Amino acid sequence: MSTATRGLPEGRYGKAKAPRSRRTVVVLTACGLALGAVVAWLAYTNLGSAPIETERAAFENLPDNRMRLTFEVTRATPEQPAVCVVRTRGIDGNEGGRKEVLVPAGPEVSRVSTVIRSTSEPVTADVFGCSYQVPAYLSTGQPPTG
């Protein structure tokens, strides 16, 4: 007797599963596609191109552990002000100074220059990141409290 004609031993493997209906397969496929679309959209909005891009143009050592940093800011919505966090780094690579810089509403590409104080002699400066969430003390010119 060939294995194709032999049946499975009774009671050994449990009951055979009923085949899924066509409707169940269609509903599960539609749910899977919808879930995939939601995941793709979330990934695009969170990991897609940055709404604010920066490029360091120049940096210059100044006396008293200070450094002048000049950078260009390209914004997707230039009519909104932005804030950029800039920093200096020492010879050991550690951060020596940090500063928030207001980038007022204006052209799509803005050139910004600022001086950053450092706790040690700085050897480089860069832009850590930018955001449209400008703190109130930057937009009003008031110093932070606390």
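V38 is found in helix α1, which spans residues 22-47. This is a predicted model.

**Nonpolar patch**

- V38, W41 and L42 make a nonpolar surface patch of about 320 Å².
- V38 has 46% relative accessibility. That value falls between the 20% and 50% cut-offs, so V38 counts as partly exposed.

**Disulfide**

- A disulfide is a covalent bond between the sulfur atoms of two cysteines.
- The count for this model comes to 1 disulfide.
- C84 is joined to C130, with an S to S distance of 2.0 Å. The cut-off for a disulfide is 2.5 Å, and a pair within it counts.
- The angle about the S-S bond is 105 degrees, and the link of C84 and C130 is right-handed.
- C84 lies in strand β3 (residues 82-89), while C130 lies in strand β6 (residues 124-131). The pair therefore ties together parts that are 46 residues apart in sequence.
- C130 is partly exposed, because its relative accessible area is 24%.

**Another cysteine**

- C31 has 49% relative accessibility.

**Loop between β1 and β2**

- Most residues other than glycine have a negative phi.
- Which loop holds D64? D64 lies in the loop between β1 (52-62) and β2 (66-75).
- Phi of D64 is near 60 degrees, a positive value in a residue other than glycine.
- D64 has 67% relative accessibility. That is over the 50% cut-off, so D64 counts as exposed.
- N65 is also found in the loop between β1 and β2.
- What is the phi of N65? The value is about 55 degrees, which is positive although N65 is not a glycine.
- N65 has 29% relative accessibility, so this residue counts as partly exposed.

Key: Residues numbered from 1 in each chain as written. Predicted model: local features only at pLDDT ≥ 70, side-chain atom pairs only at ≥ 80, totals over all residues. Heavy atoms only, no water. Helix = DSSP H or I, 4+ residues; strand = E, 2+ residues; numbered from the N terminus. Buried < 20%, exposed > 50% of the residue type's maximum accessible area, 1.4 Å probe, protein only. Patch = residues over 30% accessible without salt bridge, like charges linked within 9 Å, V, L, I, M, F, W, Y side chains within 5 Å. Areas by Shrake-Rupley, 256 points an atom, 1.4 Å probe, with all protein chains shown as cover. Salt bridge = Lys/Arg side-chain N within 4 Å of Asp/Glu carboxyl O.
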